[in-house]
Amino acid sequence: MVEKLLTVRNRAGIHARPAALIAQTANKFESEVILERDTTTVNAKSIMGVITMAAGYNTTLTLKTEGSDEKAAADAIFNLFESRFEEE
């Protein structure tokens with residue numbers, strides 16, 4: 001299992017477009033991709049699940065990936081957050 005801390009760096013937070021990017025990216029991998037915030041855990045392959053996290057600017061999330069391509073999946077999701085979902 002790979003675990004990383006992610007910080008929402010784009011000012012608008014995770015709205016529909018970033019949630020779709022996260023889900024599309026997560027679905028490219030066979031590994032399980034989970035996002036956690038406080039007591040909420042969602043499957044990152046689900047756009048609706050990601051949106052329900054209501055993660056605004058500077059929110060910290062925990063990313064957990066597990067499976068045959070877990071490192072590549074974690075790196076791809078991490079890079080989305082670092083690039084601010086290419087919004088800024």
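Visitor: Is Arg9 buried, partly exposed or exposed, and at what relative accessibility?
Guide: This is a predicted model. Buried would need under 20% relative accessible area, and exposed over 50%. Arg9 falls in between, so it counts as partly exposed, at 33%.

Visitor: Which side chain meets Arg9 in a salt bridge?
Guide: The N to O distance of the pair is 3.3 Å. A salt bridge requires such atoms within 4 Å. The partner of Arg9 is Glu82.

Visitor: How many residues apart in sequence are the parts that Arg9 and Glu82 tie together?
Guide: The side chains of Arg9 and Glu82 meet in a salt bridge. Arg9 lies in the loop between S1 and H1, whereas Glu82 lies in helix H3. The pair therefore ties together parts with a sequence separation of 73 residues.

Visitor: What is the relative accessibility of Glu82?
Guide: Glu82 counts as partly exposed. That class lies between the buried limit of 20% and the exposed limit of 50%. The value for Glu82 is 35%.

Visitor: Which residue forms a salt bridge with Glu36?
Guide: The closest N and O atoms of this pair are 3.3 Å apart. Glu36 lies in strand S2 and its partner in strand S4, so the bridge ties together parts that are 28 residues apart in sequence.

Visitor: About how many helical turns separate Lys71 and Asp75?
Guide: The side chains of Lys71 and Asp75 meet in a salt bridge, 2.8 Å from N to O. Lys71 counts as exposed at 54% relative accessibility, whereas Asp75 is partly exposed at 24%. Both are in helix H3, four residues apart, so the separation is about one turn.

Visitor: Which residue is linked with Lys71 and Asp75 in a network of salt bridges?
Guide: Lys71 and Asp75 already meet in a salt bridge. The network also takes in a further lysine, Lys4.

Visitor: How far apart are the end C-alpha atoms of helix H3?
Guide: Helix H3 covers residues 70–82, which makes 13 residues.

Visitor: What arc do the buried residues of H3 cover around the axis?
Guide: The buried residues are Ala73, Ala74, Ile77, Leu80 and Phe81. They sit on the same side of H3, because their arc is only 125°.

Visitor: Which helix do the buried residues of H3 pack against?
Guide: Their contacts include three strands: S1 (2–7), S2 (32–37) and S4 (60–66). The helix among their partners is H1 (16–26).

Visitor: What is the phi of Arg84?
Guide: Most residues other than glycine have a negative phi. Arg84 lies in the segment after H3 and is partly exposed at 35% relative accessibility. Its phi is positive, near 60°.

Visitor: Is Phe85 buried or exposed?
Guide: Phe85 is also placed in the segment after H3. Its phi is positive too, near 60°. At 0% relative accessibility, Phe85 counts as buried.

Visitor: About how much accessible area does the nonpolar surface patch have?
Guide: Ile47, Met48 and Ile51 form this patch. Ile51 lies in helix H2, residues 47–51, and counts as partly exposed at 30% relative accessibility. Together the three residues have about 260 Å².

Technical notes. Residues are numbered from 1 along each chain as its sequence is written. This is a predicted model: local features need pLDDT of at least 70, side-chain atom pairs count only at pLDDT 80 or more; totals for chains, interfaces and linings use all residues. Side-chain values use heavy atoms; hydrogens and water are left out. Patches are made of residues with over 30% relative accessible area and no salt bridge: like charges are joined within 9 Å, nonpolar side chains (Val, Leu, Ile, Met, Phe, Trp, Tyr) within 5 Å. Accessible areas come from the Shrake-Rupley method with a 1.4 Å probe; for residues, only the protein chains shown count as cover. Helices (H or I, at least four residues) and strands (E, at least two) are DSSP runs, numbered from the N terminus. Buried means under 20% relative accessible area, exposed over 50%, partly exposed in between (1.4 Å probe, protein chains only). The expected span of a helix is 1.5 Å times one less than its number of residues. The arc is that of the directions from the helix axis to the C-beta atoms. Contact means heavy atoms within 4.5 Å.
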